[in-house]
Amino acid sequence: MKKLLLIILAIISLNLASAQESAFKDGEWFKFKMSYSNFFKAGNATLAVKETELYGKPVFHVVGKGWTTGMIKWFFKVKDRYESYIDVEKIIPYKFIRNIDEGGHKKNIEIDFNHDNKTAFVHNKKHNTKKTIATKPNVQDMVSMYYYLRNNINISTLKPGDEIKTDMFFDEENYGFKLKYLGEETITTDFGEIEALKFRPYVMAGRVFKEEESLSLWVSKDKNKVPLRIKADLAVGSLRADLEAFKGLKHPFKIVVDN
């Protein structure tokens, strides 16, 4: 049950781009419930947005948390925290923080982005190391990318089968992602039936994911582009995350049929 929040954030951070009205605002909050192999409750995750200042600039401070619950936490405890400070206008990150404890496997990393120089200054607090690494132009971290790309979804330009590529910086590396748009689907959620857009990210098969196409993502077909559901086939078992609660949405949340 490692990397519960990491899986959620990596998936919903993939490229869905084209300029349009902002999809979120200060005070937005999501809560997800996670289950393992469609049977055991695995944990919870939250994402919260708060407008503040960093280095004298207005930013969105986004905090993502993930933790195991129920029986699973007694033999594998997860407590993860991710933070990103994102420029309000440009939606690019100035600072990223990853502080995790996954069954005793711990990381505490802070990254400061210099977009003018196209570099990331990585401070690994656990190992007391510091290094500067070259990045892509206007690089995103795994949290900021979700908010940046969520602002730019335009389904009018997407056709089933379209593939979209993007880049992200995580820990000490630049990553490339590819995402396939699968079309529209109405899904049943805790809130009722909701029209959704379905995507399939390509991931690296191996220790965590079963195959390259092991992930599926559904986001609401409205101006919010809320992540409704994520399903992942893992090397052992599967993981599912469903939106359980929300508040502070910028736009109306469209429900086809109420529960």
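Student: What makes strand β13 (residues 227–233) and β14 count as paired?

Tutor: In this predicted model, β13 and β14 run in the antiparallel sense over 5 bridges, and since pairing asks for at least two bridges between the strands, the two are called paired. One of the contacts of this kind joins Asp 233 to its bridge partner in β14, Ser 238.

Student: Why is Thr 46 called buried?

Tutor: Thr 46, which is found in strand β2, has a relative accessibility of 10%, and buried means under 20%, so Thr 46 falls on the buried side of the cut-off. Leaving aside neighbours within four places in sequence, Thr 46 is in contact with Trp 29, Phe 30, Lys 31, Val 63, Gly 64, Lys 65 and Trp 67.

Student: Why is Phe 40 described as partly exposed, rather than buried or exposed?

Tutor: Phe 40 lies in strand β2 (residues 40–54) and has a relative accessible area of 35%; because buried means under 20% and exposed means over 50%, that value leaves Phe 40 in between, hence partly exposed.

Student: How many residues has the largest nonpolar core, and which have the most contacts inside it?

Tutor: The largest nonpolar core has 59 residues, and those with the most contacts inside it are Phe 30, Phe 96, Ile 111, Tyr 147, Phe 169 and Leu 228. Apart from this core lies another, of 5 residues, among them Leu 54, Val 59, Tyr 85 and Tyr 94.

Student: Which residues are in contact with Ile 111, once its neighbours within four places in sequence are left aside?

Tutor: Ile 111 is in contact with Tyr 94, Lys 95, Phe 96, Ala 120, Phe 121, Val 122, Phe 169 and Asp 171.

Technical notes
Residues numbered from 1 in each chain as written. Predicted model: local features only at pLDDT ≥ 70, side-chain atom pairs only at ≥ 80, totals over all residues. Heavy atoms only, no water. Helix = DSSP H or I, 4+ residues; strand = E, 2+ residues; numbered from the N terminus. Buried < 20%, exposed > 50% of the residue type's maximum accessible area, 1.4 Å probe, protein only. Contact = heavy atoms within 4.5 Å. Core = buried A, V, L, I, M, F, W, Y, C linked by side-chain atoms within 4.5 Å.
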